[in-house]
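Me: Could you take a close look at one part of this structure for me? I'd like to follow a single stretch of chain and hear what it packs against.

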Amino acid sequence: MNVFLTMDYEVFFGEKSGSVDKCMIEPTDQLLKIAKANNFHFTFFWDIGHLLALEAKVSAFPELSKDIEAIIAQVKEMIAYGHAVDLHIHPHWEKAEYTNTGWQMNLDQHYKLSDFPQEERLAIFAKYKNRLEEITGIQTQVFRAGGWCIQPFADFKALFEEFEMKIDSSVMPGVMWVSPQYNIDFLSVKTSEPYTFSHDVCKLEESGEYTEYPIACRKYSPLFFWKLYVLGRLFPEQHKMWGDGNFIAQPGGKKEMLTKGKIHHVSTDGYFASVLQSSYSAYAKNGGENMVVIGHPKSLTKFSLKEIDRFTARNKENIRFMTLKDCL
Ligand SMILES: [Zn+2]
């Protein structure tokens, strides 16, 4: 079976963005060590808009230069180690303001690419992709939409065509979220196996131009979320997130998770990493051939790093750990 360990490389977009060191550099250093020891590669989806925003503000705020240097050095290290670095677009950076107290994101009406008119979408996509390729020295044809907001795909089709994108990995089968920021409806997708499409990211089309690699999803019980919250309180040392910012609210609040559970992605973030092995076993048992796992350096904990280490060490023989670039 193929397993793709993907990492969205970014800060937070809530009230506090958190620091580059805590959200990106330090936890990613840990990931790179584990990958080297266990001989596998990650697919990093780089929120490159963040770097462009830092670069736009650095003349007014020279203290940002150390963040810029640290990120670029780390991305070059990823590339040197053979990891894939691909495109992750959070376009709200176009509207973000920086002051002495940090970033103010201005997400309303600007969180997703489809919030922008077509001309601006094209300009943003071009700018972000070019800067990423300039730094990595490698063409990117693999995409994950910020906040998984890849719908309507009609808003992306011209961009995929123009910029030769081939693979998307934004779909979370069985998930629907609608909120002031999010607008995703992946309820009709019943498979976590890759499929080709041309017009609708949720609709398989034989010999479609693009390939969707859906993010693996599963049902989490209320008990899972109780454990997640309780363990975090009892053992903060093991379960405290590395990143020092705040999330934006995701639809399906805490109460619902604790009473009904939730369909959510298979993830290496925090306590989610505890079910990596069982999720993999369930997929394999059902004949699954591919499992895309999502994670975020900012959401890693000491516990989750140990679980990633254990999972990749233990399954060296029976899992092919691949990057999405390997599938082009
Ligand atoms: Zn993201």
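Reply: Happy to! Since this is a predicted model, please read everything below as computed from it. Let's start with strands S1 (residues 2-9) and S2 (residues 43-47), which pair in the parallel sense over 4 bridges. Within that pairing, Tyr9 stands opposite Trp46 of S2.

S2 itself is mostly covered, with 5 of its 5 residues buried. In a regular strand, side chains alternate between the two faces of the sheet. Here Thr43, Phe45 and Asp47 point one way, while Phe44 and Trp46 point the other way, and all are buried.

Next comes helix H2 (residues 48-57), which packs with helix H4 (residues 118-136) at an angle of about 90 degrees, their axes 9 Å apart. That angle makes H2 roughly perpendicular to H4. On the H2 side the contact is made by Ile48, Gly49, Leu51 and Leu52, and on the H4 side by Lys127, Tyr128, Arg131 and Leu132. Sorted by class, these residues of the H2 and H4 contact come to 5 nonpolar, 1 polar and 2 charged.

H2 also packs with helix H3 (residues 65-80), at an angle of about 145 degrees and with the axes 9 Å apart. The crossing of H2 and H3 is left-handed. Leu51, Leu54 and Glu55 of H2 meet Asp67, Ile68 and Ile71 of H3. This contact of H2 with H3 has 4 nonpolar and 2 charged residues, and no polar ones. Leu51 is worth a look on your screen: it takes part in the contact with H4 and also in the one with H3.

Methods: Residues numbered from 1 in each chain as written. Predicted model: local features only at pLDDT ≥ 70, side-chain atom pairs only at ≥ 80, totals over all residues. Axes fitted to C-alpha atoms, helices over the stretch in contact; angles between N-to-C directions. Helix = DSSP H or I, 4+ residues; strand = E, 2+ residues; numbered from the N terminus. Parallel < 35°, antiparallel > 145°, perpendicular 65-115°, else oblique. Contact = placed C-beta atoms within 7 Å. Nonpolar A, V, L, I, M, F, W, Y, C, P; charged D, E, K, R; others polar. Left-handed = near helix turned anticlockwise from the far one by under 90°. Buried ≥ 20, exposed ≤ 12 C-beta atoms within 10 Å, placed from the backbone. Pairing = 2+ DSSP bridges.
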